[in-house]
Amino acid sequence: PIAKKEAKELQDMIQKEGKNFKLQPWDWRYYAEKVKKNKYGLDENELRQYFPLENVREGAFYTANKLYGITFTQRTDLPVPHPDALAFEVKEANGDHIGILYMDFHPRESKRSGAWMNAYRKQSALGKKVTPIITNVCNFTKPTGDVPALLSFDEAQTLFHEFGHGLHGLLTKCNYLGVSGTNVVRDFVELPSQINEHWATEPEVLKMYARHYQTGEVIPDSLIEKILKQKTFNQGFMTTELLAAAILDMNLHNLTDTKGIDVVAYEKEAMDQLGLIPEIAPRYRTTYFNHIIGGYAAGYYSYLWANVLDNDAFEAFKEHGIFD
């Protein structure tokens, strides 16, 4: 019902512009951006000025330091996977070595799109202590001239998200390699990353790291208020496209015979049975749905399930103080 209401708002915006075509899935994000600007007066380009990449990264470090006492020191003497990447040594409050974190944030020809965390070396302690070497990889626009890399608000949340996975890989304490770091049940793996996103939007944290790249001015309360107001914007769409993909994933894994299957036709039939509205497509179409082979196989739903868990868990911080 929420997605249908959102679709109507987008269709109204199309009519308002004097166009007479019916909203299609590929129009959604373009018109959602227009409706958001109209509804909340939030201009993405204005917002970007307050999110230089370096500041957002320092905001993530600040949050982890306040929560766990850990520190991040850049190391220029270590080999890096690419000249654009940075290396940081992570230590306990008492100075003990925890591990190494690489941050590789800019696109290049040899790099796939998206954002992820990975481990060059996982933590283990069977016989001898092995410390982790973790990498956070993203595809944020590079700096140009005297303008630093400026992130959209979504990208700032992505950095906090992947950093949450990074913390999971760094702070793990297991004897066995096979269960250390992010080698946990699918229903939990997105919790450390998604709970970390909550701090990115907390006014107290925003005022620490969101500063205008030219003036150093702290993000004004009026902009913070707009950010918080639009947090639930477009959630009908987001939830519907994710659920559609999760159910498609489950359906595919329930097939007992795939001989001669036409995956495009199968997908259409599955979505028609669901009653998926034509203005929305599954988040990933079957032909490029990476999560269904290995990794999240039959578990793509876990993003939403972890969302339930992380919202519940963050309430404990809200009750006791976000840095308790």
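1. In this predicted model, a salt bridge joins the side chains of Lys 37 and Asp 43, with an N to O distance of 3.8 Å. Lys 37 counts as partly exposed at 46% relative accessibility, and Asp 43 is also partly exposed, at 25%. The structure holds 21 salt bridges.

2. Glu 241 takes part in a salt bridge with Arg 29 (3.5 Å, N to O). Glu 241 belongs to helix H10 (residues 235-254) and Arg 29 to helix H2 (residues 28-40), so this pair ties together parts that are 212 residues apart in sequence. Glu 241 is buried at 5% relative accessibility, whereas Arg 29 is exposed at 51%.

3. Glu 241 also forms a salt bridge with Arg 283, where the closest N and O atoms are 2.8 Å apart. The pair links distant parts of the chain, 42 residues apart, with Arg 283 placed in the loop between helix H11 (263-274) and helix H12 (302-320). Arg 283 is partly exposed, with a relative accessible area of 25%.

4. A network of salt bridges links Glu 17, Lys 19 and Lys 34.

5. The largest nonpolar core has 78 residues, and Phe 51 is one of those that touch the most other members. Beyond residues up to four places away in sequence, Phe 51 touches residues including Val 56, Phe 153, Tyr 209 and Ile 219.

6. On the surface, Leu 126, Tyr 176 and Val 179 form a nonpolar patch with about 330 Å² of accessible area together. Tyr 176 is exposed at 53% and lies in the loop between helix H5 (153-171) and helix H6 (186-189).

7. His 198, in helix H7 (residues 191-200), is buried at 12% relative accessibility. Leaving aside neighbours within four places in sequence, His 198 contacts Asp 310, Asn 311 and Phe 314.

Methods
Residues are numbered from 1 along each chain as its sequence is written. This is a predicted model: local features need pLDDT of at least 70, side-chain atom pairs count only at pLDDT 80 or more; totals for chains, interfaces and linings use all residues. Side-chain values use heavy atoms; hydrogens and water are left out. Helices (H or I, at least four residues) and strands (E, at least two) are DSSP runs, numbered from the N terminus. Buried means under 20% relative accessible area, exposed over 50%, partly exposed in between (1.4 Å probe, protein chains only). Contact means heavy atoms within 4.5 Å. Patches are made of residues with over 30% relative accessible area and no salt bridge: like charges are joined within 9 Å, nonpolar side chains (Val, Leu, Ile, Met, Phe, Trp, Tyr) within 5 Å. Accessible areas come from the Shrake-Rupley method with a 1.4 Å probe; for residues, only the protein chains shown count as cover. A salt bridge is a side-chain nitrogen of Lys or Arg within 4 Å of a carboxyl oxygen of Asp or Glu. A nonpolar core is a set of buried Ala, Val, Leu, Ile, Met, Phe, Trp, Tyr and Cys residues joined through side-chain atoms within 4.5 Å.
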